[in-house]
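Reader: Hi! I'm new to this one, could you walk me through it?
Author: Happy to, here it comes.

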Amino acid sequence: MKKERKYQFKYFSILTFLFLIFSSCSKSNEFVSSDLSQITPAVPISYSDVEVLDKVQQDDIKYFWEYAETNSKLARERYHTDDPGNDANIVTTGGSGFGLMTLVAGIERGFVNRAEAVSRLTTALTFLENADRFHGAWPHWMDGRNGKVIPFGTLDNGGDLVETAFLCQGLLTLREYFKNGTTQEQALSTKADYLWKGVEWDWYTKGGENVLYWHWSPTNGWQMNLKIEGYNECLITYILAASSPTHPISKSVYTLGWAKIGGIVSGGSQYGIPVVFNYSGANGSVGPLFWAHYSYLGLDPRGLTDNYANYFSLVQNQAKINVEYAKVNTNRGYSDTIWGLTASYTRNSDGTTGYNAHSVTNDTGIISPTAALSSMPYTPVESLKFLHYLYEQKPTTLVGIAGPYDAFSPAFSWVTPRYLAIDQGTIVPMIENYRTGLLWRLFMNAPEVKQGLINLDFHSTQYGF
């Protein structure tokens, strides 16, 4: 049986919060993992860079195509190859937003049939129209059979604004991609537009405070009381809230709540590389690498600045620090080829599998493939090295039915043959942004996004504002 989560948000950092809410997201005491030392290595294969990039994108798309939740066609929270029926109908809101962007990239590359994709995406967006919403925000989890909220914790049975932001990032990208298409595609685009405009971002200021709040519940109100404060994975939440044509926030909510009037800025460094921002709960270091991915599937950091940072330097430096950390921790089996720490499944001390927000200050010896692969636009040389390693040296042990498995440990000779939507969901979009910039262009050229960024005093040399 699942363990009941007990939250005490005001006493914990964001990293601790993430660990608590996910540590029991599956039947962790019943998990089974694989011992790599017992697996016979395969004969090495050789791919060109183009071939291996195509290969991982084609494989990874399967998570959101072949292994999607069967009724809603949205992303399952997780998929266990050793237990496919486990939580088969739990739909994840944020992971579904990543899945929308993954499928757009797949359509563009011809990896999925366009007409069939439009049909399935229409089903998915119709499901979202009829699913539970709380002042426009979807919950973290939904039942794929009926759209009803599945509580993510004891008090978390209402709207989740951050997960909703990840979904809306995908909706806007999808809208822009299909807006000039066939009649069916334009109808899909209109549906995406309608859904995004229904989010009441201003409601989540808790009655007009200069900060956004993560959760609201019709039965528990604001009891969770978790402010969305920088810097972590939530930047896109403020960008979209400022961009909303229907329920926008004021600039002061961003400057006072998120950026803390410059208090977000750090003068620190690691390995001689500037950290740029104070990462929430990271003790002067950088957080898990998903903080450089989730907001940037659509938000293009190239040439993007505001009063506080150059955002490409911010995210690239976080990835570079991860590489340098791996190079000096070879005793864990790391190197400039095997690197990347982010939130993923983990190996517990008793041999069972759980979940942890891995980072350079919270390293349990677990490498998460999404970390390096989704950093492809920032560290292409090192990310490609890691990709070739997976597909050429470990294709039968670290790669499965839907691309690279979620996590492995070179030190423990351990791999979990399982997938999480939020980890698989950043790989295809970020690789596509590295290859063509497709998803960045689509999202950044949405008129309201551009205006929202301008309203917050952002500037972009890439997009001329």
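Author: Let's start at a strand: isoleucine 90 has aspartate 143, in S4, as its bridge partner. A word on the source: this is a predicted model, where local features need pLDDT of at least 70, side-chain atom pairs count only at pLDDT 80 or more, and totals for chains, interfaces and linings use all residues. Residues are numbered from 1 along each chain as its sequence is written, and side-chain values use heavy atoms, with hydrogens and water left out.

Reader: Thanks! How many bridges do S3 and S4 pair over?
Author: Three, in the antiparallel sense, and S4 covers residues 141-143. Strands here are DSSP runs (E, at least two residues), helices are runs of H or I with at least four residues, and both are numbered from the N terminus. Two strands pair if DSSP finds at least two bridges between them.

Reader: And what order do the strands of that open sheet have?
Author: The order is S3-S4-S5, three strands with antiparallel pairing. Strand S3 (90-92) and strand S5 (149-150) stand at the edges with a single partner strand each, so one side of each has no neighbour in the sheet.

Reader: Which helix packs on the sheet?
Author: H3 does, touching S3 and S4, and its direction makes about 65° with that of S3. Contact means heavy atoms within 4.5 Å. For the angle, axes are lines fitted to C-alpha atoms, for helices over the stretch in contact, and angles run from 0 to 180 degrees between N-to-C directions.

Reader: New topic, cavities. How many are there of 30 Å³ or more?
Author: The count is three. A cavity is a set of points, on a 1 Å grid over the protein atoms alone, where a 1.4 Å probe fits but cannot get out; lining residues have an atom within 4 Å of a point.

Reader: What volume does the second largest cavity have?
Author: About 80 Å³. That volume is the space filled by probe spheres set on the points, with grid points joined across faces, edges and corners.

Reader: Which elements give two or more residues to its lining?
Author: Helix H2 (49-65), helix H3 (93-109) and helix H4 (114-130). H3 gives the most, with four residues. The lining of this second largest cavity includes Phe64, Trp65, Leu100, Leu103 and Leu121.

Reader: How many of the lining residues are nonpolar?
Author: Eight are nonpolar, alongside two polar and two charged. Nonpolar covers Ala, Val, Leu, Ile, Met, Phe, Trp, Tyr, Cys and Pro, charged covers Asp, Glu, Lys and Arg, and the others, Gly among them, are polar.

Reader: Is leucine 121 buried or exposed?
Author: Leucine 121, which lies in helix H4, is buried, with a relative accessible area of 3%. Buried means under 20% relative accessible area, exposed over 50%, and partly exposed in between (1.4 Å probe, protein chains only). Leaving aside neighbours within four places in sequence, leucine 121 is in contact with Leu100, Leu103, Ile107, Leu174, Phe178 and Leu188.

Reader: Where is there a cis peptide bond?
Author: Between glycine 230 and tyrosine 231, with omega about 0°. Most peptide bonds are trans, and most residues other than glycine have a negative phi.

Reader: What about phi of lysine 260?
Author: Lysine 260 has a positive phi, near 55°, and counts as partly exposed at 35% relative accessibility. Valine 276 also has a positive phi, about 80°, but counts as buried at 14%.

Note on methods
1 Å grid on protein atoms, 1.4 Å probe; cavity = no way out; pocket = protein on both sides within 12 Å on 5 of 7 lines; lining within 4 Å.
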